[in-house]
Structure formats: C-alpha cells, structure tokens
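Hi everyone, thanks for making time today.

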Amino acid sequence: MHFKLLKLLADGKFHSGEMLANTLQVSRTSIWKMISRIHDLGLELHSVKGKGYKLSEPLDLFDHESILKNIPADLRVKIQDIKIFQSLDSTSSYTMELLRSRELNLEGNRLFVCLAEQQTAGRGRRGRPWISPFGHNLYFTVAREFNTGLSELEGFSLVIALAIVRVLERNKVHGLGIKWPNDILWQEKKLAGILLEITGDPTGLSQVLIGIGLNINANPQSMFNVDQPWVDIKTISGSVPDRNKLIAEILAEMIKMIDEFEAGGFVAFKDEWEDFDALKGRQVELKTHTNQPSGILGKVMGVNKQGALLLQTKEGIETFHGGELSPRPVQNEQGNQPR
Ligand code: BTN
C-alpha cells in the first residue's frame with residue numbers, strides 16, 4: 001500500500017495528510033505508518049505542519065506505457081512481456097524461477113523483461129551482492145531463448161555490455177570503458193554490471209538470463225556497503241536521464257544487437273568492443289571465481305573473434321574464456337614480468 005502512496009508523492013510536491021488519506025481511503029494513522037515505510041526505503045521526505053508531506057526530490061517511477069512508447073514499433077513486437085515490480089528479491093532470481101517452474105515459456109526470439117525499483121537480495125557476479133536501493137538506478141533482467149548451444153554464446157555478454165555503452169554514449173555519458181568480459185567502468189569505478197545465467201540444455205535449446213544493474217542517481221548513503229569503487233550517470237554527465245526512456249533505448253539496442261549476434265556471432269562487434277577495452281595493453285593478473293590469484297600474469301592484447309580474452313604471457317599469446325577467470329590490473333605495471 002505504501003507504494004500507492006509513493007506514486008501520489010512522486011511529483012515532489014506537497015500533499016496534505018487528509019487528501020492522501022481520502023484518495024487511498026485509509027485513516028490518517030495509516031498514512032503516517034506508510035510514510036515511515038517510505039523513509040525505510042531510503043527516500044528523503046519532508047513533513048511540514050499545515051502543508052503535509054513532500055519528497056525531497058521528484059521520483060521518476062517505472063511506467064509500462066512510457067517504456068513501450070519509447071521503443072520503435074518494429075522492435076516492440078520483439079518484446080513478449082515487461083513486468084514491473086516495486087520491490088523484488090532479485091529480478092534474475094524471479095525470472096529464473098518462472099522459467100524453471102515453466103510459468104514462463106519464451107516465445108521464439110522475443111524478450112521477456114522484468115524490472116524492479118528495488119531489490120532486496122540483488123546478486124552480482126562471483127557471489128557478490130548487488131546493492132539495489134529504491135527508485136534511483138536500473139535493475140532488470142531480460143530472458144531470451146537460443147538454440148545454438150552454449151559454445152556459440154561465448155561473446156554474448158560482451159555484446160550486451162556494448163549495447164549499454166552505445167546507448168550511454170548517445171546520452172552524453174562519455175569516457176566509458178569495458179573490463180572484459182562485461183563490467184562497464186568510468187575512471188576505474190563500476191557504473192554497470194551484467195550477470196549472465198543460463199538454464200535449459202547447454203548443447204541445444206537454452207534460456208539465457210541477462211541481469212543488468214546500472215547506477216543512475218545513487219544516493220551515497222544507500223550505497224555505503226557496496227564493496228567496490230562505484231559511480232553513477234549523474235556524477236559522470238552532470239544530469240539524470242529519464243529512466244523509462246533509458247531502459248527503452250537499452251532494450252531497443254539489445255534487440256537489434258542480439259539478433260545480429262545470433263545471425264553472425266561476435267566478430268562483427270569485435271573492433272567496436274576493443275575501442276572500449278579498459279584493459280588493452282595493461283598488465284593484469286587473472287583471478288579465480290573466488291577471487292584467488294591464478295598465478296597467470298600477462299599483457300592484455302584484446303579479444304579473439306569469439307570474444308575470448310587474449311593475453312601475452314611468457315608462453316606466448318594465450319586465450320582465456322569468460323566464466324573461468326577474471327583480469328585485475330596489477331598495481332605496479334612496470335615492475336611485473338608477464339608469465
Ligand atoms: C556484476 O556483479 O557485475 C553483475 C551485477 C548484476 C546485477 C543485476 S541487477 C538486476 C539483476 N538482478 C540481480 O539480482 N542481479 C542482476
């Protein structure tokens with residue numbers, strides 16, 4: 001119920017307790033209790049005697065119609081459904097559960113999209129949490145069926161990162177880099193992360209879940225326990241994009257690029273991806289899933305036609321695949337010998 005109240009307050013203007021109680025057909029005491037739940041979401045509210053309640057800044061909440069109307073009609077038909085939640089444990093866990101229980105059947109090459117204003121148990125890669133405060137960022141999962149088998153999907157997550165970077169660049173968010181395979185960074189700080197999960201038959205028909213978290217206008221107080229350097233769009237570009245438009249643009253770009261990827265693989269995106277390679281030419285050490293050193297050091301030489309990482313080690317140029325290991329720049333790049 002407090003989400004209904006939030007919708008009324010989203011304009012950032014004053015609303016009297018009496019008007020709110022009448023509109024929602026509840027008592028003033030219920031309004032007061034709901035207000036305290038809104039505080040718990042990490043949103044700042046002012047209450048002024050004689051005037052009522054007001055959010056400290058307007059909230060641009062997700063809206064089904066606004067998203068759809070910003071996707072060109074020929075691409076919109078590729079969307080099977082968009083589900084919007086105010087609060088969810090995780091958009092990826094929810095979508096995975098729908099697929100596993102067969103409540104959701106993906107239709108051909110169409111996308112199922114699930115987004116939430118807040119996640120209470122958002123998941124990042126390598127078992128990390130993805131801190132997901134209410135209303136200011138993007139948290140969404142896109143599910144799509146493939147019948148190519150897992151081995152053909154090597155460069156897929158790199159293509160998704162590129163789709164997001166293309167849209168952000170068009171929205172004047174410049175200076176971005178991609179850390180292989182798909183972390184989107186700005187000045188070494190994380191702007192967006194992608195979690196790819198797969199269910200179904202790894203050699204045949206599979207359902208791929210693409211979970212995306214993108215920081216837009218994050219309140220530092222609600223992000224205080226994020227365990228890595230982070231940044232948001234507002235800090236980079238000085239302005240806050242309309243979230244409904246932004247997600248629509250990302251979905252449209254993803255639809256186009258996923259179809260292209262399915263038809264021709266990663267190779268068509270390789271050069272563009274390398275233009276954003278945040279590690280190219282740098283000395284890195286590969287870390288395992290559990291963040292342990294693998295003992296492999298080398299200089300990043302870009303990616304191959306499938307999207308695998310190329311590393312110049314003591315043995316020559318070696319190839320590493322997504323999901324296995326992840327590169328970290330070494331602190332003193334001059335002093336380390338590749339191995
Ligand atoms: C990473 O660690 O870089 C990946 C982060 C992915 C976070 C997104 S937010 C939407 C979706 N739901 C989740 O629980 N995780 C992904």
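Let's begin with Leu191: at 0% relative accessibility, this residue counts as buried, because buried means under 20%. Before we go further, please keep in mind that this is a predicted model. Leu191 belongs to strand 8.

Which strand gives the most to the shell around the ligand? It is strand 8, with four residues. Strand 8 covers residues 189-200, and at least two shell residues each also come from helix 6 (91-100), strand 5 (138-146) and strand 9 (206-214).

The ligand itself sits in the largest pocket. There are 20 residues around the ligand, and those that come nearest are Ser90, Gln119, Arg123, Arg125 and Lys190. By type, the shell splits into six nonpolar, ten polar and four charged residues.

Now for some individual contacts. Lys190 places a polar side-chain atom 2.6 Å from an oxygen atom of the ligand. With Arg125, it is a backbone N or O atom that lies 2.6 Å from a ligand oxygen. Ser92 has a polar side-chain atom 3.4 Å from a nitrogen atom of the ligand. And how much of the ligand's accessible area does the protein cover? The answer is 99% of the 420 Å² that the ligand has on its own.

Let's look at a few other spots. Arg243 is in helix 9, which runs over residues 243-264. Is Arg243 buried or exposed? It is buried, with a relative accessible area of 2%. A polar atom of the Arg243 side chain lies 3.4 Å from the backbone oxygen of Gly135.

Finally, the loops. Between strand 6 (176-179) and strand 7 (183-186) you will find Pro181, which is joined to Trp180 by a cis peptide bond with omega at about 0 degrees. In the loop between strand 4 (111-119) and strand 5 there is Arg126, a residue other than glycine with a positive phi, near 55 degrees. Arg126 is partly exposed, at 27% relative accessibility. Glu188, in the loop between strand 7 and strand 8, is not a glycine either, and has a positive phi of about 70 degrees. Glu188 counts as exposed, with a relative accessible area of 53%.

Terms used
Residues are numbered from 1 along each chain as its sequence is written. This is a predicted model: local features need pLDDT of at least 70, side-chain atom pairs count only at pLDDT 80 or more; totals for chains, interfaces and linings use all residues. Side-chain values use heavy atoms; hydrogens and water are left out. A residue is near a molecule or strand if one of its heavy atoms lies within 4 Å of it. A polar contact is a pair of N or O atoms within 3.5 Å; within protein, one must be able to donate a hydrogen and the other to accept it, and residues adjacent in sequence count only if both atoms are side-chain atoms. Accessible areas come from the Shrake-Rupley method with a 1.4 Å probe; for residues, only the protein chains shown count as cover. On a 1 Å grid over the protein atoms alone, a cavity is a set of points where a 1.4 Å probe fits but cannot get out, and a pocket is an open set with protein on both sides within 12 Å along at least five of seven lines; lining residues have an atom within 4 Å of a point. A molecule sits in a cavity or pocket if more than half of its atoms lie within 2 Å of its grid points. Ala, Val, Leu, Ile, Met, Phe, Trp, Tyr, Cys and Pro count as nonpolar, Asp, Glu, Lys and Arg as charged, and the others, Gly among them, as polar. Buried means under 20% relative accessible area, exposed over 50%, partly exposed in between (1.4 Å probe, protein chains only).
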